[in-house]
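Open the model in your viewer and keep the sequence panel beside it. The tour moves by selection.

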Amino acid sequence: MSRFVNPFTDLGFKVIFGQPASKGLLITLLNELLAGEHHIEDLCFLDKEDHADNVHDKGIIYDLYCRTDSGEYIIVEMQNRWHSHFLDRTLYYVCRAVGRLTELPPPDTIKIPVEKDTDGMVCESSVPYGSRYRLSTVYGIFLMNFKEDGLDKKFRTDIVLADRDTGRVVNPHLRQIYLQFPYFNKELAECETLYEKLMYALKNMNDWNRMPDALKEQVFKYLDQLAAVANLSEENRIAYDKAVDRYRVSRIVEEDIRREATEEGLKEGREEGMKKGREEERLSNALKMKAKGLDYETISDITGLSIQEIEKLGIDDRRDEGKL
């Protein structure tokens with residue numbers, strides 16, 4: 001068994017990123033992902049469950065939901081297996097988080113605050129109406145242990161709300177980052193930045209019995225302690241063992257489905273090839289009989305071709321050669 005927890009299991013992900021003791025590691029990961037765009041000094045974990053009034057929205061539980069010290073909201077989701085409409089679900093999750101920032105009644109029911117001027121007269125508040133819709137940025141970060149057909153075949157995809165023609169970002173307050181780990185193929189010696197090293201560690205750490213010497217940064221010393229299976233509490237160890245069992249079963253099921261699909265595709269390909277070969281042989285035989293002067297009805301009886309099909313045999317070839 002590996003020395004380290006598998007980050008693509010529910011409990012492994014929680015141990016590495018989702019507990020108070022792992023806040024520093026999560027901040028490091030997020031800052032590397034958002035380098036050049038935003039820098040987080042601190043964050044707090046929020047209630048992961050969406051307590052919506054709408055019954056259809058109840059039961060939404062994010063893997064991680066947190067708020068930064070400067071007011072941004074971040075959803076971090078780990079998805080081990082592909083499922084249909086995954087991109088729709090992630091968009092919905094981010095939009096739900098945006099909707100939670102401010103729950104406003106319909107405009108015609110809004111009561112404008114009033115205040116009294118110096119003469120005791122009642123006047124409307126000077127607070128601009130539009131400022132009530134000012135939003136914080138919501139980031140959706142999705143770690144995926146599978147390939148998603150709806151995304152380009154690359155490791156990282158960044159989604160922004162931008163003008164289609166110019167590419168200029170129109171509204172910066174909704175951001176999505178998709179990380180497809182099957183496309184991260186760098187070896188450790190090729191990883192030059194802390195960001196690349198973190199991605200390498202997340203993808204490969206479940207196969208390690210010790211932390212590689214090349215990972216010398218302090219964050220990996222912390223990861224070594226935090227993610228060690230031996231350091232789990234008895235309760236978490238039992239839960240982790242069950243999570244690993246579920247993970248292995250899901251991978252086996254997924255591999256079986258892929259193998260069956262591949263075998264079915266090969267079988268269909270062979271059958272299609274044999275069918276095409278028989279058809280070509282039938283046409284070839286009919287053409288030879290036609291060249292020998294056999295009547296069309298006899299050729300039709302032998303090959304099963306219609307009179308019209310026999311009449312057309314050889315015409316296209318002669319046309320291509322300029323004979324017709």
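Which residues have the most contacts inside the largest nonpolar core? Select F17, L179, M199 and L223. That core has 50 residues. A nonpolar core here is a set of buried Ala, Val, Leu, Ile, Met, Phe, Trp, Tyr and Cys residues joined through side-chain atoms within 4.5 Å; buried is under 20% relative accessible area with a 1.4 Å probe, protein chains only.

This is a predicted model: local features need pLDDT of at least 70, side-chain atom pairs count only at pLDDT 80 or more, and totals for chains, interfaces and linings use all residues. Numbering runs from 1 along each chain as its sequence is written, and side-chain values use heavy atoms, without hydrogens or water.

Helices (H or I, at least four residues) and strands (E, at least two) are DSSP runs, numbered from the N terminus.

Zoom to L223. Beyond its neighbours within four places in sequence, L223 is in contact (heavy atoms within 4.5 Å) with I16, L25, A201, M205, M211 and A228.

Now a second, separate core: 16 residues, including F86, V94, V138 and L174.

Show the sheet. Its 6 strands form an open sheet in the order β1-β2-β3-β6-β8-β7, with mixed pairing; strands pair if DSSP finds at least two bridges between them. β1 (43–45) and β7 (156–162) are the edges; each has a single partner strand, so one side of each lacks a neighbour in the sheet.

Stop at β1 and β2. They pair antiparallel over 3 bridges. Select C44: its bridge partner in β2 is R67.
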